[in-house]
Amino acid sequence: MNTDQDKTGAAQPFEIFLVAAPGLESVLCAEARDRGFADPTAVKGGVTVTGGWPEVWRANLELRGATRVLARIASFRALHLAQLDKRARRVPWAEILRADVPVRVEASCKASRIYHAGAAAQRIERAIAEELGAPIVKAAPKPTGKKPAKDMEAEAEDTRAVQIAIQIKARIDDDLCTISVDSSGESLHKRGHKEAVNKAPMRETLAALFLRQCGYDGREPVPVVDPMCGSGTFVIEAAEIAAGLKPGRSRHFAFEQLANFDPALWQSLRAGGTPTAPTVRFHGSDRDAGAIAMSRANAERAGVSAWTDFAHHAISDLTPPEGPPGLVIVNPPYGARIGEGKSLIPLYHAMGQTLKTRFAGWRVGIITNEAALAKATELPFQEGGVSVSNGGIRVTLYRTGVLG
């Protein structure tokens with residue numbers, strides 16, 4: 001591709017960037033390939049695929065592991081701000097954005113002669129405002145100290161405005177400016193089903209990638225058990241995958257506010273495919289009765305309650321469900337900082353003993369932030385766990401093969 005000339009995806013395939021949790025790009029790439037997206041390539045921070053706007057919509061609707069979907073609508077060289085201003089005006093904004101929908105612009109600069117991200121964002125904002133007439137929304141400032149109630153109310157209003165605005169992302173890297181539209185809006189882990197959450201919940205997108213890393217893709221009738229299920233994320237996600245339910249089926253997306261949005265085509269994409277009742281069940285348990293109540297409510301909202309079971313008991317009372325062996329996956333408590341998890345070693349040891357003695361034939365995946373905690377289970381973990389961020393804490397998925 002000759003990047004010295006403007007490139008837009010108005011009438012031809014263009015690059016779509018699927019944002020992934022850093023460290024799990026290859027897992028998302030495999031999912032994109034399985035879902036039939038063209039030319040999936042794992043890169044730092046995500047996966048690139050090729051397609052048009054219907055593929056952008058489908059990625060939001062169908063991909064479980066993507067954090068958000070960016071449509072790369074333009075790419076050009078810009079050596080100074082005046083050139084950026086001129087070339088930003090050539091982008092066919094009216095084909096993509098609506099004049100009545102607010103726009104927010106974010107810019108980043110790396111190894112480029114344009115080094116001031118704020119000035120770059122201003123030039124693109126001005127191009128959109130003057131060429132299209134769309135209102136520009138500034139990001140809400142970060143709170144600094146205690147503020148009067150009036151100021152706090154104003155900031156809250158600004159934050160709400162930013163949330164409903166279409167976000168344009170400009171990245172200037174080695175003098176190459178790439179302009180993208182955030183087609184998702186809210187992060188894609190917000191499926192629209194989980195109203196009740198427990199402390200330190202696992203994000204659905206991360207849970208989906210961890211399930212896939214453990215070899216679970218819903219193709220085989222494999223039961224899934226989570227003995228510390230919290231708000232039920234792993235159990236619900238596994239049941240949805242097995243049933244063929246689309247993760248974005250219950251929510252709205254930013255692309256619905258774009259000028260090129262086709263409601264009829266979108267409805268046909270949403271309606272495509274028929275869910276299939278799984279032939280196995282999915283089980284969660286927790287020592288917290290409130291967590292079990294939350295999990296059941298979330299499963300009901302997600303439409304998978306017919307295939308899920310949640311029980312209130314400690315992990316020491318865990319036994320395999322009837323049926324074939326499958327996958328135990330668990331996100332147990334862990335210390336906020338390295339070294340703080342020593343008090344959790346007895347819990348991990350007890351969990352490992354329960355799984356070793358009662359779950360022969362099953363595979364196990366455990367997410368934790370300390371190798372010492374994983375070691376305390378005495379389970380035969382495989383090499384090569386990838387470290388990723390979960391709620392600001394670096395965690396690793398430790399996996400076993402089939403337990404003997």
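Cys29 is buried because its relative accessibility is 6%. Buried here means under 20% relative accessible area, exposed means over 50%, and partly exposed lies in between (1.4 Å probe, protein chains only). Cys229, at 5% relative accessibility, also counts as buried. A disulfide is a covalent bond between the sulfur atoms of two cysteines. The criterion used here is a pair of cysteine sulfur atoms within 2.5 Å. A search of the whole structure finds 0 disulfides.

This is a predicted model: local features need pLDDT of at least 70, side-chain atom pairs count only at pLDDT 80 or more, and totals for chains, interfaces and linings use all residues. Residues are numbered from 1 along each chain as its sequence is written, and side-chain values use heavy atoms, with hydrogens and water left out.

Helices (H or I, at least four residues) and strands (E, at least two) are DSSP runs, numbered from the N terminus. Two strands pair if DSSP finds at least two bridges between them. An open sheet is formed by 7 strands, in the order β2-β3-β1-β4-β7-β6-β5, with mixed pairing. Its edge strands are β2 (38–43) and β5 (103–110), each pairing on one side only. Neighbouring strands are turned by 25° against each other on average, direction ignored. Such angles run from 0 to 180 degrees between N-to-C directions, with axes as lines fitted to C-alpha atoms, for helices over the stretch in contact. Within β6, Ile168 stands opposite Val105.

Helices lie across this sheet. Helix α3 (residues 81–88) lies across β4 (68–77), β6 and β7 (176–182), and runs at about 115° to β4. Helix α5 (residues 117–131) lies across β5, β6 and β7, at about 140° to β5.

Now the core. In soluble globular proteins, nonpolar side chains tend to be buried together. A nonpolar core is a set of buried Ala, Val, Leu, Ile, Met, Phe, Trp, Tyr and Cys residues joined through side-chain atoms within 4.5 Å. The largest one has 114 residues, and Leu18 and Ile179 touch the most other members. Helix α8 gives the most to this core, with 8 residues. Contact means heavy atoms within 4.5 Å. Leaving aside neighbours within four places in sequence, the contacts of Ile179 include Ala71, Ile73, Phe76, Trp93, Ile124 and Ile168.

Which helices are largely enclosed by the rest of the structure? Helix α8 (residues 233–243) is one, because 11 of its 11 residues are buried. Among them are Phe234, Ile236 and Ile241, along with Glu237 and Glu240. Just after α8, Gly244 takes a positive phi of about 75°. Helix α2 (residues 53–62) is also largely enclosed, because 8 of its 10 residues are buried. These include Trp53, Trp57, Arg58 and Glu62. The cover over the buried residues of α2 includes β1 (14–19), α1 (25–34), β4, α4 (93–96) and α9 (263–271).

Finally, strands β12 to β14. Strand β14 (residues 393–399) runs antiparallel to β12 (residues 363–368), joined by 4 bridges. Arg399 in β14 stands opposite Gly365. Strand β13 (residues 387–390) is also antiparallel to β14, again with 4 bridges. Here Ser389 has Arg394 as its bridge partner. The hairpin of β13 and β14 has 2 residues between the strands, and Gly391 takes a positive phi near 65°.
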